[in-house]
Amino acid sequence: MNGKGWIRGLLGLLAALLALSVAAVACAQQGTATVMVYMIGSDLETEAGCASDDILEMAEAEFGDSLNVLIQTGGSTDWAIESISDEGCQRYEVRDGDIFLQEDLGSMSMMSAGAIGDFIRWGVQRYPADRYAIVFWDHGGGTMLGFGSDEHDPEGMLLLGDLAEGLRLGGVHMDFVGFDACLMATLETALALSPHADYLIASEETEPGGGWMYTGWLELLGREPDAETEIIGRRIVEDYLSECQFSGDEGVTMALIDLSEIDVLYEAVRRCMAQAEEGMQDERREQIVVARSRARTYGEGEFEQVDVADFISRAQVEGGEDVLAALDRAVVCRGGDVTDSCGLAMYHPYVYPEYYEMVSDEMRRIGMDEDYFAYFDDFVSALVGGQSLDCGSSWLNGAQETGEQDYTGASWYDAELADAAAQQSASLSQDELYLAPKGEQYVLSLSEEEWAIISEIYMQVFVDDGEGYIDLGMDNMYEFDDDGDLVADFDYTWVALDGQIVPFTAETTDTREDGSWYTYGYVKATLNGEQAIELMLCWDEENPEGYVAGYREARDGVGLPARGLRTLGFGDVLEFCCDTYTYDGEYDGQYSFGEPLTVVFDQPVVSYEELAEMPTLVCFYLTDVYQREYRTETLEFSFE
C-alpha cells in the first residue's frame, strides 16, 4: 500500500469509528426515562394485596434498558410479596421480570412532602434520564381530603399543598403526575401541580381496587422512549377503562389533563364564580343552589366535588362558555361510563359546610386567589341560612329539623345574606306534606315550584313488631301519576337475601354514557361477628332482579373512600342490623335482625319478598336543595 493509500485507509477507519461513536452517543441519548411509583400500600395491600398485584404487572413489562421503573413501598402492615418489608419503607428497581431492593429506609412515614421529595431526588441521582414521571398509588380523597393512608401513621395526610411541596423538593419537572387513586382529577389538584409537571392523569370518580394496568404503557414507553407524553397518557387511560369494562367495574372515569392550560381554565372559572357571586345577592340565588344540588358529583356526593362543565352549564352565569372552551383545551382525552363527566371536577361545598373553612385554607395555600372565595362564602352562608328554617320535628309525623350547627363565628359567615336566604328560600310546611286520598290511593300533591326544590325522594318503611317500630330502611321506587302527584303505594314486599327480609337503604339511581340505567343501595351487616360492613346490592338492565356486588367497610363520617368492593367468601357469616324506635318515635338503638346468613357456594340471591303479617307504616323522606329534610305523614298498610 502506498503512503496515500495508507493514509486514506486510516482516515476511513477513523471515520467509521467516529460514526459508530456518534451512533452510540445518539442511542444513549435516545431513550432514557425514569418512572417513579410512590406506593403507600395501606389497607388496600393489607387486606387485598392490590399493591402487590400492580407490582407484578410492572414486573411483567418488557421495557429494556431505556426505561427505569422505581418503586418506594411502605404504609402497609402486611405485604403479599414476602420480600417487601411490613415494618418500614424500601426502594426497589423493577428489572427483568423481578424487583430488586436498592435501599431500605427503615421505619418512616410516607405522609410528608419531605418523603416525596427525597424519593424523587434519589431516583434522579441514581437513575438520571431525559424525562421523568411519578405515579402516586393509594387511596385518594380529592381536594377535600388529599391523598394517602399510611397504616404506620394513621393520623398523617397528604393535602394538595403537601403534594405540590413534595414535587418542588424533588427538583425536577415531570412529564406527568399520575394518581392511581380515587377522586384526584380536580381543578385544584391540577392547579397545585401545574408548576411541576406537563400533564395530570387521574379520575374524577372512585377507582376499583385493581386500579391502573401497568404492563402495556411501560412496554410502550420502553420501546418508544421519545414517545410524546400524550401518547403514553392516552394508553394509560385506554388500558384502565378497558380493564374496568372487562372486570365489570361500573361508574368509572379517567382523564389526561394538559397542565399548561390550567392557568387559563382557572382564570375562566374565577371570572365565572365572580358572576355567580353577584347572582347569590339577587333572584338568581335559588337557581344557583339548585344547580349545585343537581350537578354531577363523585364519591357518592360525600367529597364535595362536582363536574366543572356540568355545574357551570347548570348555573347559567355569564362566562360559562369561556370555561367550557378552556376545558376543551385542557382535557386531552377522557373516558368512562359516568354521564355528565368532562374529565375534571372542582370543589364546591354543599353537604359539609363545617369543612369549608379548612378546605378553603388549603386552597389558598396552593395559590388560589382570595377573590375566588367570595362566591363560596356567599353560597355557604345562604345554604346554612336556608337550613335554619324550622321544618318540623317528629320522625313519625313530620320533618326533621336541620341547620342545628352554629356557624355565626366562622370567617366566611355573612349574617345578612344568611337571613335573606332564610326569608326568601322556598320551603315546605307540615300542612303541605299531607298524603291525601285520591281514588283508591293516597298522593302527595305539591306545586310545580315546590317540586322544583326537592332533590331526593325515598320511601321509608317501618314494621310494628309488637314492641315498637323496626326501620326496614328506604327504597327509591316511587311513581308520579298523570297529574304530577307522588303516589303513596306499597305492595307489601321488601328487599330480601336468600329469601330473608333485610333492612335496606337505597343510595343512587343513575344512567351510564350509553343510556342504560343502574341503581344500588346497601344492607348493614356484621361480617363473621367482627367487622361492620355495608353489603352493596345493585340492579341494572342486565340484572333487573338485582345482585350482590360486594361489600365495603361501614362508614362513620367523612373519610377516604374505599377503592372498589370486596367479595364475600365461602363460609362467611352475615348478621343483619336494624334501627328501632319506640311507639313515641324515640330512637331505641340498633339490634340484630332476622337469622344469620352463611355464604355457601355463591353470593346471596337478591329478591323482593312479602313481609310478615304485621302492621306496616310507610312515609316519604324528602330532601330539598338546601339539604333540609322532610318526612310526610305516615300511612299504615296491612297485608292482604
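1. A charge sits over a ring if NZ of Lys or CZ of Arg is within 6 Å of the ring centre and within 35 degrees of the ring normal. Arg-364 lies over the face of Phe-373, 4.2 Å from the ring centre. Arg-563 is placed over the face of Trp-137, at 4.9 Å from the ring centre. Keep in mind that this is a predicted model.

2. Now the aromatic rings. How many aromatic pairs does the structure hold? The count is 32. Take Trp-451 and Phe-480. Their ring centres are 5.2 Å apart and their planes stand at 80 degrees, so this pair is edge-to-face. The cut-off for that label is over 60 degrees. The pair links distant parts of the chain, 29 residues apart. Trp-451 belongs to helix H17 (residues 448–452), while Phe-480 belongs to strand E16 (residues 479–480).

3. Is Trp-451 buried or exposed? Trp-451 has 15% relative accessibility, so it counts as buried. Buried means under 20%. Phe-480 has a relative accessible area of 39%, so Phe-480 is partly exposed.

4. A second pair is Phe-490 with Phe-637. It is also edge-to-face, with 5.9 Å from centre to centre and 70 degrees between the planes. Here the two partners are 147 residues apart, and again the pair links distant parts of the chain. Phe-490 is in the loop between strand E17 (486–488) and strand E18 (493–497). Phe-637 is in strand E29 (residues 635–637). Phe-490 counts as buried because its relative accessibility is 8%. Phe-637 is buried too, at 17% relative accessible area.

5. Rings can also gather in a group. One aromatic cluster is formed by Tyr-38, Phe-119, Trp-122, Tyr-127, Phe-136, Phe-147 and Phe-179.

6. Next, the cysteines. A disulfide is a covalent bond between the sulfur atoms of two cysteines. How many disulfides does a search of the whole structure find? It finds 0. The cut-off for a disulfide is 2.5 Å between the sulfur atoms. Cys-89 is buried, with a relative accessible area of 1%. Cys-619 is buried as well, at 0%.

7. On to empty space. Rolling a probe the size of a water molecule over the atoms shows where such space is left. The second largest pocket has about 440 Å³ of space. It is lined by 18 residues, and those closest to its centre are Gln-245, Asp-249, Glu-250, Asp-337 and Arg-512. Which helix gives the most to this lining? Helix H9 (residues 229–247) does, with 5 residues.

8. Asp-328 has its place in helix H13 (residues 320–330). Its relative accessibility is 64%, so Asp-328 counts as exposed. From Asp-328 to Ala-309 there are 19 residues in sequence. In space, the two are 9.8 Å apart, C-alpha to C-alpha.

How values were computed:
Residues are numbered from 1 along each chain as its sequence is written. This is a predicted model: local features need pLDDT of at least 70, side-chain atom pairs count only at pLDDT 80 or more; totals for chains, interfaces and linings use all residues. Side-chain values use heavy atoms; hydrogens and water are left out. Rings of Phe, Tyr and Trp (its six-membered ring) pair if their centres lie within 6.5 Å; planes under 30 degrees apart count as stacked, over 60 as edge-to-face and the rest as tilted. Helices (H or I, at least four residues) and strands (E, at least two) are DSSP runs, numbered from the N terminus. Buried means under 20% relative accessible area, exposed over 50%, partly exposed in between (1.4 Å probe, protein chains only). On a 1 Å grid over the protein atoms alone, a cavity is a set of points where a 1.4 Å probe fits but cannot get out, and a pocket is an open set with protein on both sides within 12 Å along at least five of seven lines; lining residues have an atom within 4 Å of a point. Grid points are joined across faces, edges and corners, and a volume is the space filled by probe spheres set on the points.
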